[in-house]
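I opened this notebook to record what I looked up in the structure. The entries follow the order in which I checked each point.

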Amino acid sequence: MSTEQNGSRQLDEKELREWLISRAAKYAKLDNGEIDADTPLSQYGLDSVSAVALAVDLEDEFGIVLGVDTLWKYPTVNLVVEMLFSTTPAGNSGE
């Protein structure tokens, strides 16, 4: 998948993973290095409100739209990245 932001920037897996980690850390009030990409985000205290906020941030930043329950079906950063890059056309998660 490659996603364009403002029609100019390509998004890769590493960049998306790092962005998701930084956002999760922000909502969990932790440093980026404290977020393990294979640990469920709920273990860092992220709840349904922060999951919705994270999904909105993802849409605002990259134009990727996630269904409300996507972050519960794919509870880790790595699972979200894998899902987006394995099943989606650019900019649309299909959820």
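Predicted model: local features only at pLDDT ≥ 70, side-chain atom pairs only at ≥ 80, totals over all residues.

**Entry 1: the aromatic pair.** I next looked for aromatic pairs, and a search of the whole structure returned one. Its members are Trp-19 and Phe-62, arranged edge-to-face, with 5.1 Å from centre to centre and 80° between the planes. The pair joins distant parts of the chain, as Trp-19 sits in helix α1 and Phe-62 in helix α2, 43 residues apart. I then checked the accessibility of the partner. Trp-19 counts as buried because its relative accessibility is 12%, and the cut-off for buried is under 20%.

**Entry 2: helix α1.** I turned to the helix that carries Trp-19. I noted 16 residues in α1 and a reach of 22 Å from its first C-alpha to its last, close to the 22 Å expected at 1.5 Å a residue. Just after α1, I recorded a positive phi of about 60° for Lys-29. I listed the buried residues of α1 as Leu-16, Trp-19, Leu-20, Ile-21, Ala-24, Ala-25 and Ala-28. I set beside this list the rule that an α-helix has 3.6 residues a turn, so residues three or four places apart point the same way.

**Entry 3: the nonpolar core.** I asked which members of the largest nonpolar core touch the most other members. The core holds 27 residues, and those members are Leu-16, Leu-20, Leu-58, Leu-66 and Leu-84. Two or more residues come from each of α1 (13–28), α2 (48–62) and α4 (77–87). I noted that α1 gives the largest share, seven residues. I then followed Leu-58 beyond its neighbours within four places in sequence, and found contacts with Leu-16, Trp-19, Leu-20, Gly-63, Ile-64, Leu-66 and Leu-84.

**Entry 4: Arg-17.** How is Arg-17 classed: buried, partly exposed or exposed? With 23% relative accessibility, Arg-17 is classed as partly exposed. This residue lies in helix α1. Leaving aside neighbours within four places in sequence, I found Arg-17 in contact with Ala-37, Val-77, Asn-78 and Val-81. For Arg-17 and Val-77, I noted a separation of 60 residues in sequence and 6.4 Å in space, C-alpha to C-alpha.

Methods. Residues numbered from 1 in each chain as written. Heavy atoms only, no water. Core = buried A, V, L, I, M, F, W, Y, C linked by side-chain atoms within 4.5 Å. Buried < 20%, exposed > 50% of the residue type's maximum accessible area, 1.4 Å probe, protein only. Helix = DSSP H or I, 4+ residues; strand = E, 2+ residues; numbered from the N terminus. Contact = heavy atoms within 4.5 Å. Expected span 1.5 Å × (residues − 1). Phe/Tyr/Trp six-rings, centres within 6.5 Å; stacked < 30°, edge-to-face > 60°.
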